[in-house]
Amino acid sequence: MSKFDLKMPKMGESITEGTIINWLVSEGDSFEEGDIILEVATDKVDNEVPAPASGILVKTMFQAKDVVPVGEVIAILEVSEEISAPKKESVIPRDNKDLQKTEKVSKPKPVHQPISNTENFSVNNTNTFFSPLIIKIAKEHHISFEELARIPATGNEGRLRKSDVFHYIEEGRPYKFAQSVTQDPTAYRIPQLTFDKGKGKVIEMDRMRQMIADHMVYSKHTSPHVTAYVEADLTNMVNWRNANKKAFQEKYGERLTFTPLFVEAVAKAVKDFPNINASVDGNNIIVKEDIHIGMATALPSGNLIVPVVKNADTKNLKELAENVNMLSEKARENKLIGDDIKGSTFTISNVGTFGSVMGTPIINQPEVAILALGIIKKRPEVIETEKGDEIAIRSMMYLSLSFDHRVVDGFLGGSFVRRVADYFEQFDVNRKI
């Protein structure tokens, strides 16, 4: 017996790392040549890593869900023969195109029972973690996350495998229009509809539009959206900005738009309600320490992108204006780089720039809330004065907060959006630039 370092295999020309899905062999367990030791996922394909020879798994260097660079030692094996070089079939890809090339797999195939074609269903797949390959297959076949959860899973710890999905598709997707067993038998059932999409000019989506579409559908499937609305009186902020924008540009060389003022107020409200600055990881809520505010911005093509103002709560108005203007200009010129659009923890969308009174924004995953700001519009409003109630012309705006009701309840969502409105309304008209 000799020691052998099992390394993270290279799974494609552009692949530099892989995520360990799970170990199929535990420390101290023996295995035969060709047995699958672990499963690895990349952003393109899932892979099974077989044993290069018979032996024992001595030690694992990483755990499930760890991201490991290609070439890094992931386990120490004790094998029955010296291995001079990796075998040609050391990685068994599980992508559609590679299945026919890798039929020689010693691991027995899972046995699938015929799926009963019934109108009722229960959730068979209790493990709701779906690998990138499963999600890719689901998108290609227009299978929702709800439908994925109904598919019987044969993977480790109830994980859905690719073979489970293809077997389900071969069976004719019997749960596609299934109804819950808890429903009243007389309840409405989803009909199988065939829509006439009409005739006209066919425009193929560009890559960015496809990514946006996938991201939005994923967000709606993942997060139960709830939207709360408030209105705010921005008269003080509008008057101050109009009176100081020229002096601000002369002093700092930066345009003073409303966006840095909005970002400043939102960052302050996030500090007051830190649980709005979070993401969801399974059954855990990750409350972020940094406050990075994303700004939904239109590109010249019409597509939307979200450049990020990093550490917005630590910057003064001059720094915020510099960041906002720089990111906006780079977006207009299609010069944004990867770091400019990464890491946002909370997003704002100024739908008022399009003339919209208000909006119902879709959450920018993996965040848990997004704020839409409507148009600033002058309206007659009843205000309280020393003389009593009077009607005055005020600059008003509607704010709408969409939040993930899995982790943000109505009290938190409503309190947060009201606090943002309060900061808008309480703007100091005597503030120095």
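Colleague: Is phenylalanine 416 buried or exposed?

Modeller: Buried. This is a predicted model, and in it phenylalanine 416 has a relative accessible area of 0%. That is under the 20% cut-off, so phenylalanine 416 counts as buried.

Colleague: Which element is phenylalanine 416 in?

Modeller: Phenylalanine 416 belongs to helix H8, which covers residues 410-425.

Colleague: Okay, aromatics next. How many aromatic pairs does the structure hold?

Modeller: Five. In one of them, the rings of phenylalanine 346 and phenylalanine 416 have centres 5.3 Å apart.

Colleague: Why is that pair edge-to-face?

Modeller: The ring planes of phenylalanine 346 and phenylalanine 416 stand at 65°. Anything over 60 degrees counts as edge-to-face, so this pair gets that label.

Colleague: And where is phenylalanine 346 in the chain?

Modeller: Phenylalanine 346 is in strand E19, residues 346-349. Phenylalanine 346 has 0% relative accessibility, so it is buried.

Colleague: Which residues have the most contacts inside the largest nonpolar core?

Modeller: Phe346, Leu371, Leu399, Phe416 and Phe424, in a core of 53 residues. Helix H6 (residues 258-272) gives the largest share of this core, nine residues.

Colleague: What does leucine 371 touch?

Modeller: Leaving out residues up to four places away in sequence, its contacts include Phe346, Leu399, Val417 and Val420. Leucine 371 also touches Ser400.

Colleague: What about a second core?

Modeller: There's a separate one of 21 residues, with Ile20, Leu38, Leu57 and Val68 among them.

Colleague: What lies 2.4 Å from a polar atom of its side chain?

Modeller: The backbone oxygen of glycine 359. Among the other residues that serine 400 touches are Thr227, Tyr229 and Pro361.

Colleague: Last one: what lies over the face of tryptophan 240?

Modeller: Arginine 431, at 5.8 Å from the ring centre.

Key
Residues are numbered from 1 along each chain as its sequence is written. This is a predicted model: local features need pLDDT of at least 70, side-chain atom pairs count only at pLDDT 80 or more; totals for chains, interfaces and linings use all residues. Side-chain values use heavy atoms; hydrogens and water are left out. Rings of Phe, Tyr and Trp (its six-membered ring) pair if their centres lie within 6.5 Å; planes under 30 degrees apart count as stacked, over 60 as edge-to-face and the rest as tilted. Helices (H or I, at least four residues) and strands (E, at least two) are DSSP runs, numbered from the N terminus. Buried means under 20% relative accessible area, exposed over 50%, partly exposed in between (1.4 Å probe, protein chains only). A charge sits over a ring if NZ of Lys or CZ of Arg is within 6 Å of the ring centre and within 35 degrees of the ring normal. A polar contact is a pair of N or O atoms within 3.5 Å; within protein, one must be able to donate a hydrogen and the other to accept it, and residues adjacent in sequence count only if both atoms are side-chain atoms. Contact means heavy atoms within 4.5 Å. A nonpolar core is a set of buried Ala, Val, Leu, Ile, Met, Phe, Trp, Tyr and Cys residues joined through side-chain atoms within 4.5 Å.
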